[in-house]
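Colleague: I would like a close look at one part of this model. Please take the second chain, and bring in its partner where the two meet.

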Amino acid sequence: MNNLLKQALAGLRVLLVLTVVTGVLYPTAVWAVSRLPGLHDHAEAVDTTLVAVDREGDEWFHTRPSAASPPASGGSNKGEHDAGYDAVVAERRAAVARREGVPADRVPDDAVTASASGLDPHISAAYADLQVPRVARATGLGEDLVRRLVADSVDGRGGGVLGEPGVNVTALNRALAAAR
Amino acid sequence: MPSTAAGLLQVGVLVAALAAVYRPFGDYMARVYSGTRHSRVERVIYRLARVDPASEQRWSTYAFGVLGFSFVGIVFLYVLQRVQSVLPFDYDRGNVPEGIAFNTAVSFVTNTNWQSYVPETVMGHAVQLVGLTVQNFVSAAVGMAVAVALVRGFTRQRTDRLGNFWVDLVRGTIRVLLPVAFVFAIVLVALGVVMSFRSGVDVDGQTVAIAPVASQEVIKELGTNGGGVLNANSAHPFENPNGWTNLVEVFLILVIPVCLTRTFGTLVGDRRQGYVLIGVMGVLWSAMLTVVWVAEAHGLRPLEGKELRFGIPSSALFANTTTATSTGAVNSMHDSYTGLGGGATLLNMLFGEMTPGGVGTGLYSILVMAVIAMFLAGLMVGRTPEYLGKKLGRREVTAAAVSILAMPTVLLIGAGVTALLPSTPGYLNNSGEHGLTEILYAYASASNNNGSAFAGITATSDWFQASLGVCMALGRIVPIVAVLCLAGSLAAQRATPATAGTLPTTGPLFASVLGGSVVLVAALTFVPALALGPIAEALL
């Protein structure tokens with residue numbers, strides 16, 4: 001018992017010293033380096049297009065559904081055999097089909113499923129394509145121009161291999177706003 | 001390029017990167033733990049902490065060190081959370097409630113990093129850095145120290161000394177984790193991960209929470225910890241913004257557990273002993289990756305709970321890696337996986353986290369399994385089992401069995417009692433088979449110190465907070481004490497020279513026996529429970 005107490009006290013002293021090293025000095029050093037000009041804007045998420053929040057109105061491209069409850073991020077955590085959630089997905093599909101004036105079977109899966117973070121910045125090329133006519137109508141910009149903006153907003157795979165390509169909605173909507 | 005081809009190439013890049021660092025990094029860690037010189041920084045730390053780095057400890061003192069260090073770690077982290085409102089950068093999130101604070105303290109000290117809190121509304125930046133980041137480092141270093149102590153049990157002869165816990169702890173932190181973490185934190189910032197002390201940023205008129213992510217993100221993966229700086233964990237674009245960061249993070253999760261098999265081979269003086277371990281780990285990891293990947297590609301709602309930039313391949317890769325390593329970070333929501341895919345992530349944990357397992361914990365877990373495997377093989381051929389020249393007698397096999405059985409025992413008792421409680425259905429996000437899987441997953445995650453979740457479960461009631469906390473503590477402490485006891489009794493033996501009758505532990509025969517034991521122990525223990533949860537669901 002004495003030995004355990006002795007080790008615990010030594011542990012407390014070691015913990016306090018390592019807290020200074022790994023809990024104060026280390027993050028401070030990383031933060032200091034992140035102030036360098038090339039890194040600062042990443043670190044502070046200046047004008048970030050990493051996340052997307054849905055904008056209301058027909059003049060914007062819509063994001064994927066979000067199951068997050070802001071300010072917390074997160075997903076629906078619904079399993080694939082959840083009957084109640086089937087109804088939610090069917091309802092979303094009908095709503096998107098109505099909004100875009102297309103049959104329900106043309107609505108892609110990413111348009112009706114919630115992402116993991118609730119802040120997913122991307123939509124599929126198919127979902128972007130589906131939204132082009134409506135956005136062109138509502139903004140008065142030509143469909144060709146809108147399609148070009150969509151093409152400019154595609155984030156490809158990292159190094160051509162890593163991850164999946166997608167259309168960045170945040171970047172796309174900002175490009176739309178600038179074009180008007 | 002089709003998604004599957006790109007995904008396979010990505011796995012190829014990952015394996016190549018791990019292969020490139022395997023020898024140099026594995027041998028570096030061997031030198032770290034066998035060297036006799038102390039660096040200047042370390043000497044300052046020993047002086048400040050008033051520990052004598054030259055003294056060698058018996059297994060019991062080494063174990064008391066681990067227990068004492070863990071206990072003060074829990075108390076310190078609990079108190080820190082409870083006084084959050086007086087700390088800087090708390091953004092009025094207030095003191096963390098008792099239940100969450102207890103669960104989180106146990107969780108981070110045991111390297112579980114189960115997130116029973118919502119960081120964006122509960123954890124301020126000061127607790128994240130001074131409390132959670134610190135435990136991300138030191139709980140990982142504890143795992144490595146215990147693994148090294150067990151290896152010394154095999155390499156030393158006729159001694160009652162296993163090394164010095166404080167030296168192993170400090171060296172693992174200062175020489176292994178810290179330099180790698182610092183370099184890769186900068187890499188992640190350069191690739192887009194955020195590092196901000198503000199509470200939120202404005203995105204098109206809405207405030208999105210932000211945090212000093214990069215410094216913690218790295219050690220969360222490198223130390224196979226897994227507790228997210230933000231609620232969505234590595235699915236959050238601020239933690240994991242693109243394909244590059246995703247690859248780096250998966251690499252960081254695997255690099256230490258994988259390279260420790262080289263460290264082991266180097267320390268025992270026969271590198272083939274390490275190759276056979278990584279071979280078994282790699283085969284099981286690859287097989288389970290295939291299951292998760294194929295299952296998710298054929299799901300009814302494959303994109304539910306997944307980020308589009310990761311899609312199926314990068315999500316499956318991350319999910320399989322995080323559950324096979326006791327990490328528990330997620331880049332997609334496992335609760336929304338298919339019955340088979342989600343069941344496979346659960347099975348990864350039920351293997352006992354050794355394919356390749358957590359930092360240090362993976363190595364000592366598979367070595368314990370090797371002891372069990374040799375014992376079974378010895379029974380079959382009627383010889384006294386040996387491993388690495390040490391006889392496996394009653395004491396050694398008992399310690400190994402206690403270490404292996406601790407996890408299933410606390411897991412099944414915890415999950416069983418929870419399933420019987422009348423209040424439980426109210427806390428589940430899904431009903432029926434999937435609901436049972438949510439319970440099983442939670443207790444498997446806690447008992448294995450993994451920390452990932454079928455996150456639909458609302459584990460914030462006092463029962464969940466307390467019982468999961470107890471599972472985490474017992475699932476960590478009991479195996480560690482048993483492993484150190486095993487190490488002590490191995491070190492006391494004289495090495496037995498190999499004879500013609502010794503079963504070689506480097507070839508495919510041993511690999512099959514070892515891999516078979518991993519699968520068999522998990523199957524014998526968990527098939528009934530799995531049949532009612534994920535297996536039933538996969539057959540729906």
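Among contacts in chain B between residues at least 6 apart in sequence, what percentage joins residues at least 24 apart?

Modeller: The figure is 78%, for contacts in chain B between residues at least 6 apart in sequence. A contact here means two C-beta atoms, placed from the backbone, within 7 Å. Two notes on the source come before the rest. This is a predicted model, in which local features need pLDDT of at least 70, side-chain atom pairs count only at pLDDT 80 or more, and totals for chains, interfaces and linings use all residues. Residues are numbered from 1 along each chain as its sequence is written, while chains are lettered from A and ligands numbered from 1 in the order in which they are written.

Now the overall build. Chain B holds 17 helices and four strands. These elements are DSSP runs numbered from the N terminus: helices are H or I with at least four residues, strands are E with at least two. The radius of gyration of chain B is 22 Å, close to the 24 Å from the globule rule for 540 residues, so chain B is as compact as a globular protein of that length. That radius is taken over C-alpha atoms, and the rule is 2.2 Å times the number of residues to the power 0.38. Along the principal axes, the C-alpha atoms of chain B fill a box of roughly 75 × 60 × 50 Å. Of its 540 residues, 65% count as buried. Buried means 20 or more other C-beta atoms within 10 Å of a residue's own, exposed means 12 or fewer, and partly exposed is in between, with C-beta atoms placed from the backbone.

Helix H12 of chain B, residues 339-350, shows that burial in detail. H12(B) has 12 residues and reaches 16 Å from its first C-alpha to its last, close to the 16 Å expected at 1.5 Å a residue. The expected span is 1.5 Å times one less than the number of residues. In H12(B), 11 of the 12 residues are buried, so the helix is largely enclosed by the rest of the structure. Among the buried residues are Gly339(B), Gly341(B), Gly342(B) and Gly343(B). The buried residues of H12(B) also include Leu346(B), Leu347(B), Met349(B) and Leu350(B). They pack against helices H10 (271-297), H11 (311-324), H15 (432-447) and H17 (508-538) of chain B. After H12(B) comes Gly352(B), with a positive phi near 95°. Further on, a cis peptide bond joins Thr355(B) and Pro356(B), with omega about 5°. Pro356(B) sits in the loop between H12 and helix H13 (361-381) of chain B.

Next, a hairpin. Strand S1 of chain B (200-203) is joined by four bridges to strand S2 (206-209) of chain B, and the two run antiparallel. Strands pair if DSSP finds at least two bridges between them. Val201(B) has Val208(B) as its bridge partner in S2(B). S1(B) has a covered face of Val201(B) and Val203(B), and an uncovered face of Gly200(B) and Asp202(B). Two residues lie between the strands of this hairpin, and Asp204(B) in the turn has a positive phi of about 45°.

Another loop of chain B, between helix H3 (59-82) and helix H4 (98-109), holds Tyr91(B). Tyr91(B) is not a glycine, yet its phi is positive, about 50°. Tyr91(B) counts as partly exposed, with 14 C-beta neighbours inside 10 Å. Asp92(B) is in the loop between H3 and H4 of chain B too. Its phi is near 55°, again positive in a residue other than glycine. Asp92(B) is exposed, with 7 other C-beta atoms within 10 Å.

Last, the partner. The contact between the chains takes 95 residues from chain B and 69 residues from chain A. On the side of chain A that touches chain B, H1(A) gives the most, with 22 residues. The residues on that side divide into 31 nonpolar, 26 polar and 12 charged. Nonpolar covers Ala, Val, Leu, Ile, Met, Phe, Trp, Tyr, Cys and Pro; charged covers Asp, Glu, Lys and Arg; the others, Gly among them, are polar. Of the 180 residues of chain A, 46% count as buried.
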